[in-house]
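Trainee: I would like to go through this structure with a few questions before I start using it. Could you take me through them in turn?

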Amino acid sequence: MNNSKNESSGKDYNYWRSLKELNNNPEAFDQKANEFMKGVTDDFEISGMSPVSRRKFLALLSASVAFAASSCTNYHSHGEIIPYNKKPEEVTPGIPNLYASTCTGCSNACGILIKTREGRPIKVDGNPDHPVNKGKICAIGQASVINLYDPNRLKTPVAISQEGNSSINWKTVDEGMIAELEKASSSGKQIAIISGRISSPSEKMVLDNFIAKYPTARVYSYELFENGVRNAAWNRSYAPGSFPLIQWDQAKVIVSLEGDFLANEGHAIENIQMFSKGRDGFLNKDFNRLYVVEATMTPTGMAADYRLRLKPDRQLDFVLSLMNEIGERTKSSIKAPSGTSSLKDFVKNENMLAGTVEHLVQDLIDNRGSAIVYAGSLLPEDVHVAVNALNEMLGNTRLYRTDQAEVLQIPFAQKQDLENLVGEMNKGNVQVIIHYDTNPIFDLPQDYGYADALKKVPFSIAMLEQENETSALCRYALPISHDFESWGDFNTRMGIFSLRQPVIYPLYSTRQKEAILLSWASGDSKFYKDTVYHDFIMNNWEKGLFASAKSPLDFRTFWLTALENGVVVLPENAPAPAGFKAASLSEIKPPSKAGRYTLYLKGNYSIGDGRYANNGFLQELPHPVTKVVWDNYAFISPKTAEEFGLEMNDMVEVKVGSRKQEFPVFIQPGTADGAVVVELGYGRRKAGEVGTGTGVNANILMSKDAPVTPFIYNDAQIRKASGAYKLVTTQEQHTIEDTRAKDAHKRRGIIREGTVDEYKKNPGFLEKEEREKISMNKNPEYLGVKWAMGIDLNKCVGCNACVTACDIENNVPVVGKEQVDKGRIMHWFRVDRYYSGTAEDPVSYTQPMLCQHCDTAPCENVCPVAATTHSPDGLNQMVYNRCVGTRYCSNNCPYKVRRFNFFNFRDHFADGYYLQEPVEMVYNPEVTVRSRGVMEKCTFCVQRIMQARENAIEENRELKGSDVQTACQQACPSEAIVFGDANDPDSIISKFRAHNLGYHVLVDLNTRPNITYLAKLRNIHPEV
Amino acid sequence: MPETTKTLQRRKFFGKLGKGLTGLLLLSAFPVKFFQSEKKEIASEKKIRIIEHPLAVKRNKKGLRG
């Protein structure tokens, strides 16, 4: 079908959102035709109502009211409101405070600002002073505030026994532990500390002090996802050290091999910021070109200009054959190992797109020194060695950063170390084992035999925030303080030291894990006090960092300034890389013989390695590619599905060696044939009320002796299993009302796109709608500020940080899987994902969608009680206490951005899980907490607009558009979202609206939306 | 049924209702509360208390929004 909007490109774009749409499945169109899912109104069937007469009903009603009134004396009471008797100096009611700190949601240690109201942390955003993340954090960081108030947190130390758990006090713990540690040390038995990544120099010193006191102590540091393989390959190719960081912003061509660097590889936030500098649709400087070669669709793959499908166990052959080809063409002195296949044969055998591969090779050659080939951290070491050689061959080492490098305080334990530990545990040589906020029983491959070995250790303890699979087998579970209750310092990059400070006293009887070790290392059970670790860090900083900084300030001022800023930067250059060792190539082993099917286990994008499984906000965050919530599944290609007669929601059994597991099937367009991809971190047995039992445990398929890596199994066997499992996805929900035609998205101009080349030749190629439309509504006039938003689709990578930030800022509830299935997800902000092309090799698009705050909004006219109105500054407002829940506004909204509270979801979800204390403390007091029967939607963060207006009045000046930053804009790492005053001709939003690439969605409906999108440009070769 | 009978039945119903309510009022502690002390236990050990950390350093830099 012709596309009037994208016609100038001469291409016939065929947009589709799911395989059902592509195959003209009537189910897909039924869902689109009805804005509300089937079953939505089941609860309100009139014929099912009780046949009690009106008279009887009224009599019963009046009697009930009378009884209630006589017996309930204070049912309105939600507790006392007591003014401060002695107001803390730092707190002014109604005014938020900001505290700089550090996030430990992952190992990147991003700088954050914690916003508190009346002493309660309510929001987390990036620290703009931190030189790495520069004011941005990911969705996990945004949602970390919920973890503080999680009702399932351990509140006191617990003694675990078969008869049942019992609370104990810290005095008993300290006395018992010190006695055990001394006993172990004096008898020569090992004291094992199982920790995660240690990023803190002070924490390292705590561990060193502990080992000095108890010489038989040993630290085993591990993470499920880390850079160990990449660093080991670097050591082989160059010299001991860490793999260097990459200047993504300087790269003209990027080839990513299973490297999801825009989502969960390396420092994703920094990567997105740097990458998006080469994707700026607004400034339209030279665009970079991204090639992605991967097994299944990822956010990085969705941002690619060219994408190739390849199973992960074939990547080594691919890189070597690339080296072969490029080496021949460039006459390089670096040669691929002998026996490497030719690229042409490889492409043919693997059924890859030959034209795309040719472009890839030529682009790498033409951009030598300005290109980079990047391998994902889960690929085998030999792939990384080959990629190092390829980059060396092309002179791409110029893009390795010399201004910064990663720092690892304690090296990770290797497989041999962990095997030795388990061996010692089995022999009875380990007296005490301390799980230092880790969960090895869930994380480690089961063939280590860790769980059985742990039962043989006489004294095992777990330090953790919430009970997990490991603590269930320990003697004591000791509650540790949350990040926001803890001190800390972090050094993950050379020369950059960030601080973590507690913004509140611990809510429960918890202690910092570092402070616990310090008190045990003292040998005195009365040693502990609240400030023990604070004093320790201050002492370290005075002797170490302060001395190096040679600051003119006295130490106290230096310390307080550092706490205020959150970070101290001492410029320190990375060491220059040593020469390349060509002999490393000869050490590459030929890849093991591949079976037909490959199982690929990888990380997910929201709950980490499973540690955030109990965070409902992260569980309900739609997957950036599949939009599935609350589950994991097996990604398989349409062809592989057809081979096994599999359909969506069928079950598939995946077997590797003697280990097998069944997963629900998700047929993912763009997946390599023969690849089965599953995300780890789900199926936890002990993860709190929300996380337990969510998804399927794929960790049991891992093996420490895997032929390729613990994440890649090229000898997998798959078969169709019995039964079905409903996966809930939001991708079919809230679809914009288009006609029953799968390419209506292009006809209606919801996605507008082009290529960089055609934009350069003809900047006006978009051919925007100019026709003046007649409207029954009077066009509103905005005399002062008029708020509007712009979104650059070139920069958006679909990371979902905006969605989470909006949820936390605006008190959006979690509804649960069952309600999402009925189309009742409450996110005000969604990121739509579209495909075009074929199911085998689709091209993807992401489009953030929120209330468009239309000038002539169709929702405003139809509200019978005027609960939705238009403000003088251009906002489409919602008056919650007028709303009676007709849902006519939502029915009329063509963008489907309105959300209705079918229940009081805080009460409805998981038996009132989020009604428990102290969850209500997370609510932003500036935003109404909506209850049942009320419509809600994006308000352009009207609370922030009002605050800015009050500040302007106080300062006796005019309100400017730049005074306000919406939560989504503040969170977006790539700065894809701009917001401001459309009436100010100098504002960036005015320039967005006037931009050649700027367009509005469904403009032909004459709603006059105030969100301007910049069309997506692909940087592809002109002849494609 | 004749209207007067209905009226009698209604009167009896509301009479019983009123007597029941009066009895409940007498039985409940409500009137006693008027004579009780206003002091209530406001803070208990089990309630979660938010206490700002005294050593935390607030950020005073201008130019931050939100």
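**Salt bridges, interface and backbone**

Mentor: A:Arg684 and A:Glu469 are both buried. The model is a predicted one.

Trainee: How far apart are the closest N and O atoms of A:Arg684 and A:Glu469?

Mentor: The two residues form a salt bridge. A:Arg684 sits in the loop between strand S24 (675-679) and helix H25 (688-691) of chain A, and A:Glu469 in the loop between strand S14 (459-464) and strand S15 (476-479) of chain A, so the pair ties together parts that are 215 residues apart in sequence. The N to O distance is 3.0 Å.

Trainee: Which residue forms a salt bridge with A:Arg493?

Mentor: The closest N and O atoms of this pair are 2.6 Å apart. The partner of A:Arg493 is A:Glu270.

Trainee: Are A:Lys529 and A:Asp535 buried or partly exposed?

Mentor: Their side chains meet in a salt bridge at 3.5 Å, N to O. Buried would need a relative accessible area under 20%. A:Lys529 has 45% relative accessibility, so A:Lys529 counts as partly exposed. With 33% relative accessibility, A:Asp535 is also partly exposed.

Trainee: How many salt bridges are there over all chains?

Mentor: The pairs above are among them, such as A:Arg493 with A:Glu270. There is also a network of salt bridges that links A:Arg236, A:Glu381, A:Asp382 and A:Glu587. Over all chains the count is 54.

Trainee: Which residues form the salt bridge between chain A and chain B?

Mentor: Between chain A and chain B the count is 1 salt bridge. The side chains come together at 2.7 Å, N to O. The residues are A:Asp129 and B:Arg59.

Trainee: Which element supplies the largest share of the side of chain A that touches chain B?

Mentor: Between the two chains, 9 residue pairs are in polar contact. On the side of chain A that touches chain B, at least two residues each come from helix H3 (54-71), strand S2 (97-102), strand S3 (111-117) and helix H21 (555-565) of chain A. The largest share is 5 residues, and the element is H3(A).

Trainee: How do the residues on the side of chain A that touches chain B divide into nonpolar, polar and charged?

Mentor: The contact takes 46 residues from chain A and 25 residues from chain B. For the side of chain A, the division is 22 nonpolar, 13 polar and 11 charged.

Trainee: What area do chain A and chain B bury between them?

Mentor: The size of an interface is often given as the accessible area lost when the parts come together. Here 62% of that area is on carbon and sulfur atoms. The buried area is about 3,400 Å².

Trainee: How many residues are in the largest nonpolar core?

Mentor: The members that touch the most other members are A:Trp787, A:Met789, A:Phe829 and A:Phe940. The number of residues in this core is 118. A second, separate core includes A:Ile254, A:Met297, A:Val678 and A:Leu680, and has 110 residues.

Trainee: Is A:Gln731 buried or exposed?

Mentor: A:Gln731 is in the loop between strand S26 (728-729) and helix H26 (744-747) of chain A. Leaving aside neighbours within four places in sequence, its contacts include A:Arg17, A:Phe666 and A:Arg833. Because its relative accessible area is 6%, A:Gln731 is buried.

Trainee: What is the phi of A:Trp630?

Mentor: Most residues other than glycine have a negative phi, and most peptide bonds are trans. A:Trp630 lies in the loop between strand S20 (628-629) and strand S21 (634-636) of chain A, and at 7% relative accessibility A:Trp630 is buried. Its phi is positive, near 65°.

Trainee: What is the omega of the peptide bond from A:Glu917 to A:Pro918?

Mentor: A:Pro918 is in the loop between helix H32 (905-908) and strand S34 (935-936) of chain A. The bond is cis, and its omega is near -5°.

Note on methods:
Residues numbered from 1 in each chain as written. Chains lettered and ligands numbered in written order. Predicted model: local features only at pLDDT ≥ 70, side-chain atom pairs only at ≥ 80, totals over all residues. Heavy atoms only, no water. Contact = heavy atoms within 4.5 Å. Buried area = accessible area lost by both parts, 1.4 Å probe. Salt bridge = Lys/Arg side-chain N within 4 Å of Asp/Glu carboxyl O. Polar contact = N/O pair within 3.5 Å; in protein donor to acceptor, adjacent residues only side chain to side chain. Helix = DSSP H or I, 4+ residues; strand = E, 2+ residues; numbered from the N terminus. Nonpolar A, V, L, I, M, F, W, Y, C, P; charged D, E, K, R; others polar. Core = buried A, V, L, I, M, F, W, Y, C linked by side-chain atoms within 4.5 Å. Buried < 20%, exposed > 50% of the residue type's maximum accessible area, 1.4 Å probe, protein only.
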